[in-house]
Amino acid sequence: MVAISAVLVLALTGFAWRSVDNLIANIDRIGGLGLGGGRDGAVDILLVGVDSRTDAHGNPLTAAEKAMLHAGDEVGTNTDTIVLIRVPNDGRSATAISIPRDSYVDIAGQGKAKINSAYGSTKETKRAALLAEGSSEADAEKESTKAGRQALIKSVANLTGISVDHYAEVSLLGFVLLTDSVGGVEVCLNQAVDEPMSGADFPAGRQRLDGQEALSFVRQRHGLERGDIDRIVRQQVFMAQLVGQMLNAKTLANPSKLSQISEAVGRTVVLDEDWDVLAFLQQLKDLSGGEVAFETIPVADLDSMTSAGESVVKVDPRTVQNFVAGLVGDKRPEEVTAASATDPSSVTVNVHNAGGATGLAATVSAALTGKGFREGAVGNYTGGTVSSSRVLAHDTDDPKAAAVAEALGGLTVVGDPTLSPDTVSVILASDYSGPGSTAGGMFDFDPTSPATGTPIPPAPPIDAGQNGPKCVN
């Protein structure tokens with residue numbers, strides 16, 4: 001967000017386009033992410049904050065830099081911050097939609113998992129496979145990183161119903177360097193905090209934070225009443241203040257700051273290679289701080305548990321999709337979707353158990369009949385090992401298969417041309433935790449059922465045009 005805002009301000013404050021182009025040229029570019037294709041009235045940007053201990057070019061951070069980040073030495077590439085930025089095609093407004101990192105969603109190749117694991121776990125799985133096939137370390141790192149980014153993009157698209165058009169990634173180090181390059185950002189706390197895990201140690205009231213302090217501020221979740229939701233609010237008020245500061249105060253009308261920002265951007269920011277940033281900035285020429293808003297997707301249950309006892313955030317994809325679509329006036333009523341228009345009584349579903357939970361196929365089949373579907377064959381799966389639960393159909397676009405997948409919490413529909421066009425089969429692996437998963441003592445986690453825990457409806461948006469920082473927990 002800092003990088004994109006920095007480039008935007010350069011344009012809006014009268015710098016020559018050549019200067020903007022030089023700054024953009026320093027950014028690392030990547031391709032092959034499967035972006036674009038949507039025609040939904042907006043440019044949709046996936047902004048990702050990664051906890052990588054390397055820079056944008058894969059170079060390891062120094063010991064001093066890692067100590068400054070207060071982030072430890074663990075290896076991984078989880079995405080601590082996931083924000084979908086929607087910019088209507090007229091460029092006069094922008095909405096940044098935060099997705100809680102623990103949102104429990106369907107991830108291609110993994111089944112259900114926390115959305116922040118899509119990037120890292122996919123990357124490590126792909127990397128191990130490539131090395132086993134004889135790829136070099138460098139090639140395995142490059143290809144597996146691309147696979148991780150693709151998995152995250154698909155997961156966000158499946159959850160929100162939005163085709164991601166562009167991708168922006170910034171590391172922990174980038175957050176620190178970019179914050180410092182603009183002279184820090186002002187925040188406000190309702191109460192003093194002292195939380196050693198994040199390094200957050202601040203008095204109450206208004207204060208200006210440098211990059212290292214700001215990182216602790218936006219990473220804290222322990223000791224906050226609503227955990228990750230309150231952390232998201234922290235991130236949003238920080239970004240809102242930063243955007244307002246840049247758009248309204250012409251922060252970058254200073255050659256030395258431009259040089260510092262350019263160096264930080266070149267080392268720590270990644271953008272997709274097909275993004276014509278200059279053309280995009282032309283769309284935003286009338287954008288003001290008051291037209292930049294920050295929202296959070298609706299959460300069905302903040303305190304859900306999976307069958308394995310893992311704490312997750314429960315989200316309903318249909319509710320999320322209608323919410324996100326509505327932010328650009330493109331509401332898609334549920335009754336117009338092919339899946340929800342399908343009459344369950346017209347669909348016969350075969351259910352096969354490929355996991356280790358005794359009786360799972362029978363209880364899931366009963367759950368489906370309870371939702372109006374017709375019972376088909378029920379039993380154990382004999383087709384070999386299956387790593388993730390899925391719905392099989394002759395065609396992946398089959399509305400009947402989509403209806404079954406939706407009823408079971410958003411399973412992936414997999415095409416199987418050997419099946420007849422009228423056949424819908426469910427294959428249950430050990431990852432299944434949807435309706436009917438109480439067999440064998442498993443916890444019944446049904447993303448389509450009403451929340452029984454702690455629902456978090458969307459709060460009023462935080463805008464970047466207010467006078468001074470919003471005080472938060």
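I started with the largest nonpolar core and found 55 residues in it. F217, F238 and F294 have the most contacts inside this core. A nonpolar core here is a set of buried Ala, Val, Leu, Ile, Met, Phe, Trp, Tyr and Cys residues joined through side-chain atoms within 4.5 Å. Buried means under 20% relative accessible area, exposed over 50%, partly exposed in between (1.4 Å probe, protein chains only). Helix 8 (residues 228–249) gives the largest share of this core, 8 residues. Helices (H or I, at least four residues) and strands (E, at least two) are DSSP runs, numbered from the N terminus.

I noted the source. This is a predicted model: local features need pLDDT of at least 70, side-chain atom pairs count only at pLDDT 80 or more, and totals for chains, interfaces and linings use all residues. Residues are numbered from 1 along each chain as its sequence is written, and side-chain values use heavy atoms, with hydrogens and water left out.

Next I checked F238. Leaving aside neighbours within four places in sequence, F238 is in contact (heavy atoms within 4.5 Å) with F175, T179, V185, V187, A214, F217 and V218.

Then I turned to Q207. Q207 sits in strand 11 (residues 205–209). Is Q207 buried or exposed? Q207 is buried, at 14% relative accessible area. A polar atom of the Q207 side chain lies 3.0 Å from the backbone oxygen of G205. Not counting residues up to four places away in sequence, Q207 touches V185, E186, V187, L189 and F202.

Key. A polar contact is a pair of N or O atoms within 3.5 Å; within protein, one must be able to donate a hydrogen and the other to accept it, and residues adjacent in sequence count only if both atoms are side-chain atoms.
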